[in-house]
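Hi everyone, thanks for coming. Let me put the structure up, and then we'll walk through it together.

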Amino acid sequence: MTATIGGEKTMTSAVLEVAGLGKSYRSRAGDVPAVRSITFDVAPGEFVSVVGPSGCGKTTLMMCIAGLLPLTTGAVTFRGTPLDAPRDGVAVVFQDYSRSLFPWLTVAKNVALPLKDRKVPRKQVRSRVAHALEMVGLGHAADLHPWQLSGGMQQRVAIARGLVVEPEVLIMDEPFASVDAQTRTSLEDLLLRIWAETGTTVLFVTHDIDEAVYLSDRVVVLSQGPSTVVADIPIGLDRPRDQVATKQTALFGELRGEVYSLVMASEKRTSLAGRSDPE
Ligand SMILES: Nc1ncnc2c1ncn2[C@@H]1O[C@H](COP(=O)(O)OP(=O)(O)OP(=O)(O)O)[C@@H](O)[C@H]1O
């Protein structure tokens with residue numbers, strides 16, 4: 001496949017391939033489809049966002065891709081091998097930092113958790129935790145507890161915990177949805193800086209279309225659930241991006257409008273389909 005990385009076109013093979021992924025939940029009333037059939041791939045080092053109407057199955061899709069939920073149909077491959085269970089090389093950051101951090105552990109111990117089962121020597125654990133905390137600007141907070149930190153700082157701890165395993169792919173499910181608008185923009189820029197420095201591939205779910213366009217190389221738009229891919233839009237904005245200058249460009253406005261229209265059209269189609277015709 002051809003990918004645009006750092007503004008240059010390169011021939012690459014995908015690091016992550018999602019092929020015909022479908023997922024239904026079991027209920028007493030029968031199987032309830034959440035994701036119908038999703039196909040896309042992600043090249044090494046790409047930043048790809050997934051957007052779609054509320055409830056279209058974005059979280060379900062990410063849990064399936066991360067190997068945390070079994071698929072009903074289709075396949076996910078990571079570097080060409082099936083990804084059907086949590087794997088080294090793939091880390092996940094969730095929206096709700098307050099439920100994903102352990103309040104009784106220090107920040108450093110929270111960040112070190114994923115290394116526990118990996119038999120990493122203690123000295124290396126210390127240096128990797130220190131490095132991950134430095135990357136998110138929390139080098140000074142290692143001995144504090146999560147409850148002593150602001151919401152934005154707690155989410156940075158959760159990001160450091162994802163980074164400590166030095167993942168090839170970082171999956172993020174609405175990671176900034178629970179913080180205020182100003183904190184959100186600084187976390188977006190922090191993430192872009194880490195992405196550029198580490199070369200980690202990022203697969204990012206968001207409700208926020210501006211955020212998806214601002215951050216990404218590509219935006220994958222899903223239909224209303226059970227979802228399929230309705231568009232895969234390349235985001236040709238220059239990098240590095242800037243919260244003011246980038247968002248003032250005509251191209252940003254066009255891309256934002258295009259993604260909005262697709263999501264709105266998808267929502268409208270569903271509400272029309274759900275309305276019974278007058279007799
Ligand atoms: N564990 C579950 N059991 C049964 N149904 C579920 C389960 N988890 C999610 N669903 C259903 O699957 C569909 C997709 O949910 P999901 O949370 O993946 O969507 P989403 O796009 O992430 O939602 P939102 O935009 O609100 O964050 C919804 O109809 C939801 O009710």
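Before the strands, a quick convention: two strands pair if DSSP finds at least two bridges between them. Helices (H or I, at least four residues) and strands (E, at least two) are DSSP runs, numbered from the N terminus. This is a predicted model, where local features need pLDDT of at least 70 and side-chain atom pairs count only at pLDDT 80 or more, while totals for chains, interfaces and linings use all residues. Residues are numbered from 1 along each chain as its sequence is written, and side-chain values use heavy atoms, leaving out hydrogens and water.

So, to strand 9, residues 169-173. Strand 8 (residues 90-93) pairs with strand 9 in the parallel sense, over 4 bridges, and Val92 has Ile171 as its bridge partner there. Strand 10 (residues 201-205) also pairs with strand 9 in the parallel sense, this time over 5 bridges, with Leu170 opposite Val202.

Is strand 9 buried or exposed? Buried means under 20% relative accessible area, exposed over 50%, and partly exposed in between, with a 1.4 Å probe and protein chains only. Here 5 of the 5 residues are buried, so strand 9 is largely enclosed by the rest of the structure. Both faces are covered: Val169, Ile171 and Asp173 on one side, Leu170 and Met172 on the other.

Now the ligand. A polar side-chain atom of Lys58 lies 2.9 Å from a ligand oxygen atom, within the 3.5 Å limit for N or O pairs in a polar contact.

Thanks, happy to chat!

How values were computed:
Polar contact = N/O pair within 3.5 Å; in protein donor to acceptor, adjacent residues only side chain to side chain.
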